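Please keep the sequence and the structure in view while reading.

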Amino acid sequence: MRGIATKISGLAPLFVLFIAGAVSSFEDIEKLRIWPLPAEVSHGGRRMYLSEDFKLVTEGSKYEDPSGILKEGFDRMLAVVRLSHVVSGHRNSSSSGGSALLEGLHVIISSSTDELEYGADESYKLVVASREKPYAQLEAKSVYGALHGLQTFSQLCHFNMKKKVIEILMTPWNITDQPRFSYRGLLIDTSRHYLPLPVMKNVIDSMTYTKLNVLHWHIVDTQSFPLEIPSYPKLWNGAYSPTQRYTFEDAAEIVNYAGRRGIHVLAEIDVPGHALSWGKGYPSLWPSKNCQEPLDVSSDFTFKVIDGILSDFSKIFKFKFIHLGGDEVNTTCWSTTPRISKWLKKHRKTEAEAYEYFVLRAQKIASSHGYEIINWEETFNNFGNKLNPKTVVHNWLGTGVVGRVTAAGLRCIMSNQDKWYLDHIDTPWQMFYANEPFEMIKDEKRQSLVLGGEVCMWGEHIDASDIQQTIWPRAAAAAERLWTPYTKLAENPDKVTTRLAHFRCLLNERGVAAAPLVGGGRVAPFEPGSCLAQ
């Protein structure tokens, strides 16, 4: 192998980069034990040990880490690497049994900002040399790309049972990586069951392990309205109880916690349907006491409340998108309530036209607060040509929608329920892995309108007791589909079983209650045995 010196501006050469054989066959890939699979990987056959005082070096980086995002990410990486066993550690090369000692990680980031912008560069390059120099090197355009690189580095690290130290096998490593899609999401639902903040934070932490980058927070629904809205403080009267609520500061904390990990928080208020809980605090939002949803389309107060909610949201939910729902709207209450029926006749609107009016008016309100809008696919199916041209259509009902949406020139997100609904616990991980956003879409211009996809953890039968084992490892299967280049994905999902089983065990080691692979979602182990075989 040839050694190629890599020089950093203003610094002496930090290490020698050895180019090993590129990984090509799926048999080789399965041996990598990295999830999701990086875009380009090469490795050797040597071994290095991590020093007990393994440190972060940022000399030569334009990013000065003013908010501590990189340092926190580095510390979290070391913490999970050392989580599964008690590490004795090596302080010098003489105690490493002749193997090279890795003293630290040199991180070089070319952007000085840590503003979390959707679509920003998430790429990274990771090099772990062998023997020649004591520092691995991680290069990234943004600090959030660097965080992804740290996650990959953590998966290269293993505990050596004999020496009781952390080691990296198969060095030297040379990894070049970037996501296939800019939107890689997970929906959680806090209306059907309340999720305490520590549980939400644990979900966010587990998302980082698979490089998912959007937490879609379905905050309210028919059953409960748990979030404080300062502009309309009685709305959270719709919570299950006074203790099952989120303060406005709680929501800001979730956004901050996720953002420091490179994850956007997409807030959703689903209008006009799924909104019975709104009327617990403001009964005038109901069409009538006996017919309580959808929201009253005839009342200006309804839209004042929506405006107040979105005004408050704009103070903490800084993601460029807002989700306005718009699905499963049964408009019967509008025509059977005399007062609203008169309004429909006065404005010469059918129920369907009133539904369109409501969605478009809500879109205008959201736009006035600087948001781009995401709506569930029924809005497109019913009046797609009337939607704001910047609307992102969120598919969920079935196949073919993504093709029709992109043909109409609109952007879309894929979450088809037959493949990517986590609450469908009979859906095995193989179906999550095989679900392809570009299926039947060959034109590159139309492909560019597919932002990515999202797996959905609807909460009717999920709470703090079972959410993690219902999400994982099936969400990880979808995460590789959304991250890894199409040409590197396995045509037969069973080809990645060994690698995904290893990742599932890794999640367990990190305290994530990921369920066995065998069977559907949330299954129990079938019998005694290794987690690698379940």
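A residue counts as buried when its relative accessible area is under 20%. The model discussed here is predicted.

**Helix 16**
- The buried residues are Arg474, Ala475, Ala476, Ala477, Ala478, Ala479, Glu480, Arg481, Leu482 and Trp483.

**Helix 2 and helix 3**
- Helix 2 (residues 69–81) packs with helix 3 (residues 143–156) at an angle of about 10°, and their axes lie 10 Å apart.
- Angles under 35 degrees count as roughly parallel, and helix 2 and helix 3 are therefore roughly parallel to each other.
- Helix 2 contributes Ile69, Leu70, Gly73, Phe74, Arg76, Met77, Val80 and Val81 to the contact.
- Helix 3 contributes Val143, Tyr144, Ala146, Leu147, Leu150, Phe153 and Ser154.
- The residues of this contact comprise 12 nonpolar, two polar and one charged.
- As background, an α-helix has 3.6 residues a turn, so residues three or four places apart point the same way.

**Val255**
- Val255 belongs to helix 5, which covers residues 248–259.
- Val255 has a relative accessible area of 17% and is therefore buried.
- When its neighbours within four places in sequence are set aside, Val255 is in contact with Val265, Ile316 and Phe317.
- Val255 and Phe319 are 64 residues apart along the chain, and their C-alpha atoms are separated by 9.3 Å.

Terms used: Residues are numbered from 1 along each chain as its sequence is written. This is a predicted model: local features need pLDDT of at least 70, side-chain atom pairs count only at pLDDT 80 or more; totals for chains, interfaces and linings use all residues. Side-chain values use heavy atoms; hydrogens and water are left out. Axes are lines fitted to C-alpha atoms, for helices over the stretch in contact, and angles run from 0 to 180 degrees between N-to-C directions. Helices (H or I, at least four residues) and strands (E, at least two) are DSSP runs, numbered from the N terminus. Angles under 35 degrees count as roughly parallel, over 145 as roughly antiparallel, 65 to 115 as roughly perpendicular and the rest as oblique. Contact means heavy atoms within 4.5 Å. Ala, Val, Leu, Ile, Met, Phe, Trp, Tyr, Cys and Pro count as nonpolar, Asp, Glu, Lys and Arg as charged, and the others, Gly among them, as polar. Buried means under 20% relative accessible area, exposed over 50%, partly exposed in between (1.4 Å probe, protein chains only).
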